[in-house]
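Have a look at the chain shown below.

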Amino acid sequence: MDVLVPLLQLLVLLLTLPLHLMALLGCWQPLCKSYFPYLMAVLTSKSNRKMESKKRELFSQIKGLTGASGKVDLLELGCGTGANFQFYPPGCRVTCLDPNPHFEKFLTKSMAENRHLQYERFVVAPGEDMRQLADGSMDVVVCTLVLCSVQSPRKVLQEVQRVLRPGGVLFFWEHVTEPHGSWAFMWQQVLEPTWKHIGDGCCLTRETWKDLENAQFSEVQMERQPPLFKWLPVGPHIMGKAVK
C-alpha cells in the first residue's frame, strides 16, 4: 500500500497539473481566497442540516459560562461564514477571527439573521497570532473545521489558552485522519497534496486529538463521529470541549 501512494500522488498531480502550476506561480492562492467563502457557504449549510442536533447539544453549554460582564464573550476562531451563530444562546458578544477578509460580507449577513447575538468585531488574522486580543479576554472560544488548515495547531491552541480566562472553554469540532493502514487513509495520503490547494490549506491526515490532549488544558472531553459526506475524502470528526 505504501508503494502505491507516491505513484497515485503523481497521477493525481498530472491530472490536476494546471492547478499546481498556478499555485507554483502564485496565481492560485488569491483566486482560492476569493472563491473559498462561496464554497464554504454551500458546504456549511449542508453540514449544519446533518449536525444540527449535535451542535445544539454542544453549544447549549455556552449559556453557563457568563463572565464578569454578565454576558458571554465569545471568540469564533476561523469564523468562516458564521454558520455556528444560529446555535449560540442569546447574549453572547461575538468576536470573529479569520485570515481571509473575503468572509466579512458573509459574516454581516449571518449577523443580520441572528439578532440574538451582539457582534463585536471582525479581526483579520491567523489563529497562530491573535495579538489583537487581550490575555484572558474570552469566556469561550469556538473552533470548527479550522485546525485542519492552520500552519501550526500547537501554536493556535497556545493562543487559545492565552485569550481564554481561567475556567474558560474551547468548544471544537474538527475532522481528523482515517485509521492508519486503511484504504481510506491511503486515499487521503494520495489526495492531500492537491486537496490542500482546493481546500485553502486543508490537511486530510492530521491527528488533531493529540494536539488537544497535549495542549495542557485542565480537562478535555471529546467524542468521535463518522464522516459527514461519503463523497469527500474528509475523514471522521471529533467533537467536544477543553477547559482552561
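## The start of the chain

Which residues does UniProt give the feature "signal peptide"? The unreviewed UniProt entry puts that feature at residues 1-23; positions follow the numbering used here, feature names are shortened, and annotations may be inferred rather than shown by experiment. In the model, this span is 83% helix and 0% strand, and its end C-alpha atoms lie 28 Å apart.

A word on ground rules: this is a predicted model, where local features need pLDDT of at least 70, side-chain atom pairs count only at pLDDT 80 or more, and totals for chains, interfaces and linings use all residues. Residues are numbered from 1 along each chain as its sequence is written, and side-chain values use heavy atoms, with hydrogens and water left out.

## A leucine patch on the surface

Leu10, Leu13, Leu14, Leu17, Leu21, Leu24 and Leu25 make up a nonpolar patch on the surface, with about 700 Å² of accessible area together. Helix H1 (4-15) and helix H2 (17-24) are the elements that give two or more residues to this patch. To join a patch, residues need over 30% relative accessible area and no salt bridge, and nonpolar side chains (Val, Leu, Ile, Met, Phe, Trp, Tyr) are linked within 5 Å. A salt bridge here is a side-chain nitrogen of Lys or Arg within 4 Å of a carboxyl oxygen of Asp or Glu. Areas come from the Shrake-Rupley method with a 1.4 Å probe, and for residues only the protein chains shown count as cover.

Take leucine 10, which sits in helix H1. Leucine 10 counts as partly exposed because its relative accessibility is 48% (buried is under 20%, exposed over 50%, partly exposed in between, with a 1.4 Å probe and protein chains only).

## A valine on the inside

Valine 94 belongs to strand S2 (residues 92-98). With 0% relative accessibility, valine 94 counts as buried. Leaving aside residues up to four places away in sequence, its contacts include Leu74, Phe85, Tyr119 and Arg121 (contact means heavy atoms within 4.5 Å). Valine 72 is 22 residues from valine 94 in sequence, and their C-alpha atoms are 8.3 Å apart.

## The whole chain

Altogether there are seven helices and seven strands, running α-α-α-β-β-α-β-β-α-β-α-α-β-β from the N terminus on. Both are DSSP runs numbered from the N terminus: helices are H or I of at least four residues, strands E of at least two. Of the 244 residues, 49% count as buried.

Terms used
Patches are made of residues with over 30% relative accessible area and no salt bridge: like charges are joined within 9 Å, nonpolar side chains (Val, Leu, Ile, Met, Phe, Trp, Tyr) within 5 Å.
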